Amino acid sequence: MRLIIAVDGPAAAGKGTLAKALAAALDLPHLDTGLLYRAVARQMILAGLDPAADSGEQTAHALQPEDLQRNDLRVPEIDRGASAVATQPPVRAALLKRQREFAMASGAVIDGRDIGTVVFPDADLKFFVTASAAVRALRRYQQMHGMADPVQAELEELAAEIEARDRKDAERPVSPLRKADDAVLVETDHLDAKAVLTHALSVVRSRFSA
Ligand code: CDP
Ligand code: CDP
């Protein structure tokens, strides 16, 4: 079956973790669309361009598959750069085409901010995964630094960066972060990643056994 499942939500909500696990469970390809915006920002910075001021259109068109494989795409400079280029309509248009082509080939679980609203408004199933800003900041912190007691000042700085990025993503005029009306809301403050997957799989089963 060529299913398209959209997973959207704010930063560090667990979208990628859920999308990857769902894809494995359903034998579908997974696409993390945040990597596209991150890769555009990185390529721009390497070329001496400023993602907040210069056009990323050419860079988005020239993006190569290997640009997404880098392990230095999840650093604060790229967090900010991705969120800045993501406000540019020509960049979004270039990346939209790639996202649709990827998922149309054999279905996909695809995660981002606007998958259920713009990229695949007719997706077979949509999830909107969220959690409070404090929980999300702690998740990202632990992802980066392990489970030891967090350094409070660093955690607060990370929480402020995440909240600023969420605000920018939700307030931009083009493809803002927003729950699609028909998306299943998954509040994860009190659910670990395994419980979120179990819940999502039960939604998949009930939706597609009907
Ligand atoms: O893709 P997104 O930025 O939404 O988040 P992620 O990178 O998938 O998840 C951030 C961290 O939260 C990872 O270390 C996950 O293991 C953890 N986590 C989760 O994904 N889901 C939960 N319900 C709880 C924690
Ligand atoms: O993992 P995390 O949730 O922190 O970020 P990400 O999913 O890798 O996305 C990085 C940035 O790319 C976001 O803050 C958005 O500005 C942008 N993005 C977007 O605008 N639309 C998408 N479909 C995916 C990401």
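## Gly16 and helix H1

Gly16 touches Asp32 and Asp111, leaving aside residues up to four places away in sequence; touching, or contact, means that the C-beta atoms, placed from the backbone, lie within 7 Å. Gly16 has its place in helix H1. Helices (H or I, at least four residues) and strands (E, at least two) are DSSP runs numbered from the N terminus.

## What you're looking at

This is a predicted model, where local features need pLDDT of at least 70 and side-chain atom pairs count only at pLDDT 80 or more, while totals for chains, interfaces and linings use all residues. Residues are numbered from 1 along each chain as its sequence is written, with chains lettered from A and ligands numbered from 1 in the order in which they are written.

## Around ligand 1

Ligand 1 has 16 residues around it, and the closest are Gly14, Lys15, Gly16, Thr17 and Arg139. Being near here means having a C-beta atom, placed from the backbone, within 6 Å of the molecule. Helices H1 (15-26), H7 (133-145) and H9 (193-209) are the elements that each give two or more residues to this shell.

By type, the shell splits into six nonpolar, six polar and four charged residues. Nonpolar covers Ala, Val, Leu, Ile, Met, Phe, Trp, Tyr, Cys and Pro; charged covers Asp, Glu, Lys and Arg; the others, Gly among them, are polar.

## The UniProt stretch and Ala12

An unreviewed UniProt entry gives the feature "binding site" to Gly9, Pro10, Ala11, Ala12, Ala13, Gly14, Lys15, Gly16 and Thr17. Ala12 sits in the loop between strand S1 (4-8) and H1. Ala12 is buried, with 24 other C-beta atoms within 10 Å. Not counting residues up to four places away in sequence, its contacts are Arg136, Arg139, Arg140 and Ile162.

The axes of H2 (residues 34-46) and H4 (residues 76-85) come within 8 Å and cross at roughly 105°, so the two helices are roughly perpendicular (65 to 115 degrees). The residues of this contact comprise eight nonpolar, two polar and two charged.

Conventions. Axes fitted to C-alpha atoms, helices over the stretch in contact; angles between N-to-C directions. Parallel < 35°, antiparallel > 145°, perpendicular 65-115°, else oblique. UniProt positions renumbered as here; feature names shortened; annotations may be inferred. Buried ≥ 20, exposed ≤ 12 C-beta atoms within 10 Å, placed from the backbone. Contact = placed C-beta atoms within 7 Å.
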